[in-house]
Amino acid sequence: MAQAHGKVAIVGSGLIGRCWAVLFARAGHTVYLFDIQPTQLENAMTAIRQQVTDMHASGCLGDGQSVDAVCLRVRGCNDLAAAVQGALHVQECVPEVVELKRNVFQQLDALADEGVVLASSSSCIVPSSFTEQLRHRNQCIVAHPVNPPQYIPLVELVPAPWTAPEVVSRTRKLMQSIGQAPVTLNKEMNGFLLNRLQYALIMEGWRLVQDGVCSAEDVDTAVSQGLGLRYSFMGPFEVMHLNAEGIDDYCKRYGENITRVCETQSGARELKGPTCQQIHAAMCKQTPVDELPERRAWRDRRLAALALHKKEQEKEES
């Protein structure tokens, strides 16, 4: 993984841009991290070193690499043309504002050659909304990571209707080569894949609390001490497959009741009002707002330990 590879440009040095820089650098790529604000870029380089140091301490850096070796592959840059020139992959990481993304991609379009992939880290904006008028629109795709991507490897690949198939396959191979786990949507869909699954779970939890069925704390316990344990290493379809004699048998046994339950789950609720205050109070009792940074650090330590455990288990089983 530590062998030298091609150049990658990251546009935007915020949290996600920094994480992408670390992932590509860990895999051996030379990374040009672009930002128009020098102070932001300086802060990003400092944060990247700390992130790489934390990954090294948790055993997630891999291949016996040193902190210095990985950090030296990341170069701060305030010249977009210089960052993009010669890059095999450009990863845009600006805020979720369609006009801003459209403006950035227009600039990238003017600088791009025929061989570069122009990827967006968009978490909810479909690529057709900001790439339609571009000359290189067939080279554009969304590659959306999950936070924090250094410990959660999923990347959602969302092509526009005009994205070239080879761009999709090439991006998928690149993500796999840097240790991520890509999934590919065959067409644009609001919410992509992960958030559609996540929002379904959030909405049902919200309904259960709003309708007085259970507490917010018990919803979280049902996931963290129940569903989440097996979902950390297998998906819902494999769970079904294993809980009966295959999917077909599972559907014959439980399908009718599942349909009846789901018929009671229709109707979205607004995420505001008394239920919002009730859930907020429950979460603040567990973790006050001013203690959220410490809790996020705890989350990342637990995710790092889980990521390392899963890798060790995969090695033993291979």
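## Packing of helices α9 and α12

In this predicted model, helix α9 (residues 216-231) and helix α12 (residues 274-286) have axes that come within 9 Å and cross at roughly 65°. Angles of 65 to 115 degrees count as roughly perpendicular, and α9 and α12 are therefore roughly perpendicular to each other.

On the α9 side, the residues involved are A216, E217 and D220, which meet I279, A282 and M283 of α12. By class, this contact comprises 4 nonpolar and 2 charged residues, with no polar ones.

In soluble globular proteins, nonpolar side chains tend to be buried together. Here the largest nonpolar core has 38 residues, and I10, W20, F24, V52 and M175 have the most contacts inside it. Helix α1 (residues 15-26) gives the most to this core, contributing 6 residues.

When neighbours within four places in sequence are left aside, F24 is in contact with V8, I10, H29, V31, H89, L174, M175 and I178.

## Backbone features in two loops

Most residues other than glycine have a negative phi, and most peptide bonds are trans. The peptide bond from N147 to P148 is cis, with omega near -5°. P148 is located in the loop between β6 (140-145) and β7 (154-159).

F192 has a positive phi, near 55°, although the residue is not glycine. The loop between β8 (181-184) and α8 (194-210) holds F192. With a relative accessible area of 2%, F192 is buried.

Terms used
Residues numbered from 1 in each chain as written. Predicted model: local features only at pLDDT ≥ 70, side-chain atom pairs only at ≥ 80, totals over all residues. Heavy atoms only, no water. Core = buried A, V, L, I, M, F, W, Y, C linked by side-chain atoms within 4.5 Å. Buried < 20%, exposed > 50% of the residue type's maximum accessible area, 1.4 Å probe, protein only. Helix = DSSP H or I, 4+ residues; strand = E, 2+ residues; numbered from the N terminus. Contact = heavy atoms within 4.5 Å. Axes fitted to C-alpha atoms, helices over the stretch in contact; angles between N-to-C directions. Parallel < 35°, antiparallel > 145°, perpendicular 65-115°, else oblique. Nonpolar A, V, L, I, M, F, W, Y, C, P; charged D, E, K, R; others polar.
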